[in-house]
Amino acid sequence: MKGLGAMFGSAGAITGVCQFFVFAISIAVICINQYQLTDVPPSSLRPFIWHSVSCAYSATGTTECNYLYAVGAVGLLFSIVIGLLQIAIGKGGGMGTHVTNIVLNCMNLGWWLAASVYFTVKFNDLPSPSELGLDVNSGIPYNYMRAINALCFTALAFATLAVIASAVGQAGASKASKEDQDYEGQKPGAIASQPVGYLWPRLALLCASWLSSPPVPAKRPRAPAGLPPPPAGYAVLPAKV
């Protein structure tokens, strides 16, 4: 039991640490999007197409940057809720809390996986400075976009680790619960307190073991005086006087 408790405690701690980093990454994504990718101001170092655009991923639309805001906001929400679940589980939450924890961690994993794939595709579709005939100061913030991709994949790695840790914690909690039930069933008087449907299998096993046991041999009666001696291997009882 102590080993299972230590395993579950470690799994909860790992999940909590992962959500802390996801929380920090979500804030970084929102800040980079706000100050480096959205409403890019005109500059003498950005002489060509990226002058005062609404979103650095596109000169004509804001879909990518709006989605990036959503990625950061939902990532913050997931990390907060999952962190609160770790506190509830540590205070003795039931199996429903464990299942909810796994489901939310899987949803968080899927959210960051979708963001990682989406922004990787968008980044790869951007024209390079050489294709535009420009230098690296074309106004497209490639470095910040690379940072967004790296942050999304880092959050994806932490989310994956959190899913694994939460699954290990749930398995340990299930095993600990089963061992507690078995221990309670072995206490004196516990059989009488079990439900009728639970007692039938035990009673059937008890009857089967009783019927399959060999019969106890009866004692051989004493031989009367004057009769021939008993066969070899039998003890001769003294006759009554």
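Predicted model: local features only at pLDDT ≥ 70, side-chain atom pairs only at ≥ 80, totals over all residues.

Mentor: Residues are numbered from 1 along each chain as its sequence is written, and side-chain values use heavy atoms, without hydrogens and water.

Trainee: At roughly what angle do the axes of helix 2 and helix 3 cross?

Mentor: Helices here are DSSP runs (H or I, at least four residues), numbered from the N terminus. Axes are lines fitted to C-alpha atoms over the stretch in contact, with angles from 0 to 180 degrees between N-to-C directions. The axes of helix 2 (residues 63-90) and helix 3 (residues 95-125) come within 10 Å and cross at roughly 160°.

Trainee: Is helix 2 roughly parallel or roughly antiparallel to helix 3?

Mentor: Angles under 35 degrees count as roughly parallel, over 145 as roughly antiparallel, 65 to 115 as roughly perpendicular and the rest as oblique. The crossing angle therefore makes helix 2, relative to helix 3, roughly antiparallel.

Trainee: Is Phe119 buried or exposed?

Mentor: Buried means under 20% relative accessible area, exposed over 50%, and partly exposed in between (1.4 Å probe, protein chains only). Tyr67, at 21%, is partly exposed. Phe119 has 0% relative accessibility and is therefore buried.

Trainee: What is the angle between the ring planes of Tyr67 and Phe119?

Mentor: Rings of Phe, Tyr and Trp (its six-membered ring) pair if their centres lie within 6.5 Å; planes under 30 degrees apart count as stacked, over 60 as edge-to-face and the rest as tilted. Tyr67 and Phe119 are a stacked pair, 5.4 Å centre to centre, with their planes at 10°.

Terms used. Helix = DSSP H or I, 4+ residues; strand = E, 2+ residues; numbered from the N terminus.
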